[in-house]
Amino acid sequence: MSMTSQPGLTGLQQLREVASGRKIEIGETLGFRLAEVEEGRAVFESKPGRHLYSPIGTVHGGYAATLLDSACACAVHSQLGPTQGCTTLELKVAYHKAITADTGLVRADGQIVKFGRRAAFAEARLTDAEGHLYATATSTLLVFER
């Protein structure tokens, strides 16, 4: 069941169900989970492995981008009313340090910068357990009525 198929629940209520253990398909594919959610903020956690390596020998940049996009989008989703949806219009990712299988647990922490009637803006940071910065992102999302 997708979050958009749950009529009557706010975005935050939907995300709290996900954080309590409901399956996220892309999370199963890439090995990440929604670890924390509150109004205006979402945190995803994952432990990268060699199965995520690109041909150049480090974790593929798409993995970091997916975690950051998820954190930004879910931060915005946490503000939605029961009849609203959102989708990413733009994502800009800056890579600061290569991720490897030895990096350990990483956290993508997303927060809303501005939430408007039709558009929302969010940012996220991808760090390891020691706080080292691996990537950052800014995102623009469309907010719409379903």
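## Basis of the description

The model is predicted, with local features requiring pLDDT of at least 70 and side-chain atom pairs counting only at pLDDT 80 or more, while totals for chains, interfaces and linings use all residues. Residues are numbered from 1 along each chain as its sequence is written, and side-chain values use heavy atoms, with hydrogens and water left out.

## Overall fold

The protein contains three helices and six strands, where helices (H or I, at least four residues) and strands (E, at least two) are DSSP runs numbered from the N terminus. Along the sequence these elements follow the pattern α-α-β-β-α-β-β-β-β. The radius of gyration, taken over C-alpha atoms, is 15 Å, close to the 15 Å that the globule rule gives for 146 residues, so the protein is as compact as a globular protein of that length; the rule itself is 2.2 Å times the number of residues to the power 0.38. The C-alpha trace spans about 45 × 30 × 25 Å along its principal axes.

Of the 146 residues, 44% count as buried, a class defined by under 20% relative accessible area, with exposed meaning over 50% and partly exposed lying in between (1.4 Å probe, protein chains only). The protein exposes about 7600 Å², of which carbon and sulfur atoms supply 52%; accessible areas come from the Shrake-Rupley method with a 1.4 Å probe, and for residues only the protein chains shown count as cover. Among contacts (heavy atoms within 4.5 Å) with a separation of 6 or more, residues 24 or more positions apart account for 63%.

## Strand E2 and its partners

Six bridges join E1 to E2 in an antiparallel arrangement, with Phe-32 standing opposite Ser-46 and Arg-33 opposite Glu-45. The two strands form a hairpin with two residues between them, and Gly-40 in the turn has a positive phi of about 85°. E2 also runs antiparallel to E4, to which six bridges join it, and in E4 the bridge partner of Phe-44 is Ala-108.

In a regular strand the side chains alternate between the two faces of the sheet. In E2 both faces are covered, with Arg-41, Val-43 and Glu-45 buried on one side and Ala-42, Phe-44 and Ser-46 buried on the other. Six of the six residues of E2 are buried, so the strand is largely enclosed by the rest of the structure.

## The nonpolar core

A nonpolar core is a set of buried Ala, Val, Leu, Ile, Met, Phe, Trp, Tyr and Cys residues joined through side-chain atoms within 4.5 Å. The largest one here has 36 residues, and those with the most contacts inside it are Leu-34, Phe-44, Leu-67, Leu-68, Ala-108 and Leu-126.

Leaving aside neighbours within four places in sequence, Leu-68 is in contact with Val-93, Ala-108, Ala-124, Arg-125, Leu-126, Ala-135, Thr-136 and Ala-137.

Arg-41, in strand E2, counts as buried at 18% relative accessibility. A polar contact of 3.0 Å joins its side chain to that of Asp-109; a polar contact is a pair of N or O atoms within 3.5 Å, where within protein one must be able to donate a hydrogen and the other to accept it, and residues adjacent in sequence count only if both atoms are side-chain atoms. Not counting residues up to four places away in sequence, Arg-41 touches Glu-36, Ala-75, Ser-78, Arg-107, Asp-109, Gly-110 and Gln-111.

Val-59 lies in the loop between E2 and H3 and is buried at 7% relative accessibility; beyond four places in sequence, Val-59 touches residues including Pro-48, Leu-52, Tyr-53 and Ile-99.

Conventions: Two strands pair if DSSP finds at least two bridges between them.
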